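Keep the model open while you read.

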Amino acid sequence: MTDARPVRPPRLRPGDRVAVVAPSGPIVAERLDRGLDVLRGWDLDPVAAPHVRGGHPSLGHLAASDEERARDLQEAWCDPSVKAVFAARGGYGAQRMVDLLDWDALRAAAPKPLIGFSDVTVLHEAFAVRAGVATLHGPAVAGEVFLKDDATRDHLRRTLFAPETVRTLVSPSARPLVPGRARGLTLGGCLTMLATELGTPRARPGAAGGLLLLEDVGEPPYRIDRSLTQLLRAGWLDGVAGIVLGSWARCGPYDRVREVLVDRLAGLGVPVAEEFGFGHGDSALTVPLGIPAELDATAGTLTFDVPATG
């Protein structure tokens with residue numbers, strides 16, 4: 001486990017070779033092809049990892065076997081010709097393969113952007129804690145939102161190629177659940193994944209001093225309550241500097257979700273911004289993880305001290 005501030009990966013440049021992997025759920029081939037075309041339109045040279053289109057022999061919720069999915073990610077990350085690794089989608093499965101990765105080899109390889117969200121939260125946490133690399137909570141290239149929403153694609157593209165242009169994130173829907181300002185390193189992602197990481201080997205011990213991102217999909221309010229309560233009871237939220245809440249797609253009426261968020265988070269006494277525009281919503285910001293930033297929950301802004309990529 002590393003305690004150092006995560007290292008920023010280099011920015012992308014036209015002509016760079018990039019890899020698309022499927023560390024979790026199976027992909028829709030037509031969506032993957034469209035996503036690869038988008039990356040080609042950015043003047044990148046995208047390559048789909050060997051098992052992205054494979055499928056699991058018996059478990060239909062996985063893109064391939066645990067060993068195959070781990071091997072794809074390992075080889076992409078350790079290949080010096082690959083300049084970034086994109087997740088094709090989330091779903092479920094990263095927890096099953098994360099401990100199969102050779103973390104000594106991953107630490108020895110040059111850092112590069114890792115982009116994904118949802119179940120990929122497990123990998124964001126692992127790369128932060130075990131490899132000391134900053135990553136990007138951003139859309140999946142075979143995901144519906146990435147394919148249909150111009151703003152989602154443009155924000156990711158600028159974060160990768162011209163990160164100085166997106167050092168301050170502003171969401172028109174953002175508002176303070178608890179007003180105020182806070183500073184810290186960004187971390188987090190999918191609430192359910194963070195809760196289920198508790199107690200696992202080499203998991204992050206807590207969010208103390210950090211700006212915590214939280215979002216989820218398809219979780220009714222009582223399950224959101226359960227996950228937040230688990231984090232609270234475990235002491236994982238002790239000392240968190242501030243919280244940034246994203247989308248809660250298909251989690252029920254937002255007023256009911258908000259009641260849970262207020263009940264579980266307002267008592268922490270730290271700034272909390274809600275509806276910040278990242279996650280599983282119809283349009284999604286790319287949010288760097290492992291980068292020092294200031295949250296202004298009142299104004300609805302998240303400003304990074306340095307660009308997400310170097």
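In strand 9, G210, L212, L214 and D216 point one way, while L211, L213, E215 and V217 point the other way, and all are buried. Buried means under 20% relative accessible area, exposed means over 50%, and partly exposed lies in between (1.4 Å probe, protein chains only). Helices (H or I, at least four residues) and strands (E, at least two) are DSSP runs, numbered from the N terminus.

This is a predicted model: local features need pLDDT of at least 70, side-chain atom pairs count only at pLDDT 80 or more, and totals for chains, interfaces and linings use all residues. Residues are numbered from 1 along each chain as its sequence is written, and side-chain values use heavy atoms, with hydrogens and water left out.

Look at its neighbours. Strand 8 and strand 9 pair in the parallel sense over 6 bridges. Pairing requires that DSSP finds at least two bridges between two strands. Here G188 stands opposite L213 of strand 9. Strand 9 also pairs with strand 10 (residues 242–249), in the parallel sense and over 6 bridges. There L214 stands opposite L245 of strand 10. From strand 9 the chain crosses through helix 9 (residues 221–233) to strand 10, and this β-α-β crossover is right-handed. Right-handed means that, with the strands pointing away from the viewer, the path from the first strand over the helix to the second runs clockwise.

Now the charged pairs. How many salt bridges does the structure hold? There are 22 salt bridges. Each is a side-chain nitrogen of Lys or Arg within 4 Å of a carboxyl oxygen of Asp or Glu.

R11 and E164 form one, at 2.9 Å from N to O. R11 lies in the segment before strand 1 (17–21) and E164 in the loop between helix 7 (150–161) and strand 6 (168–170), so the pair ties together parts 153 residues apart in sequence. R11 is partly exposed at 22% relative accessible area. E164 is partly exposed too, at 42%.

R183 and D305 form another salt bridge, with the closest N and O atoms 2.5 Å apart. This pair links distant parts of the chain: R183 sits in strand 8 (residues 181–190), D305 in the segment after strand 14 (301–304), 122 residues apart. R183 is partly exposed, at 44%. D305 is partly exposed, at 31%. Elsewhere, salt bridges that share partners join R175, R258, E274 and E275 into one network.
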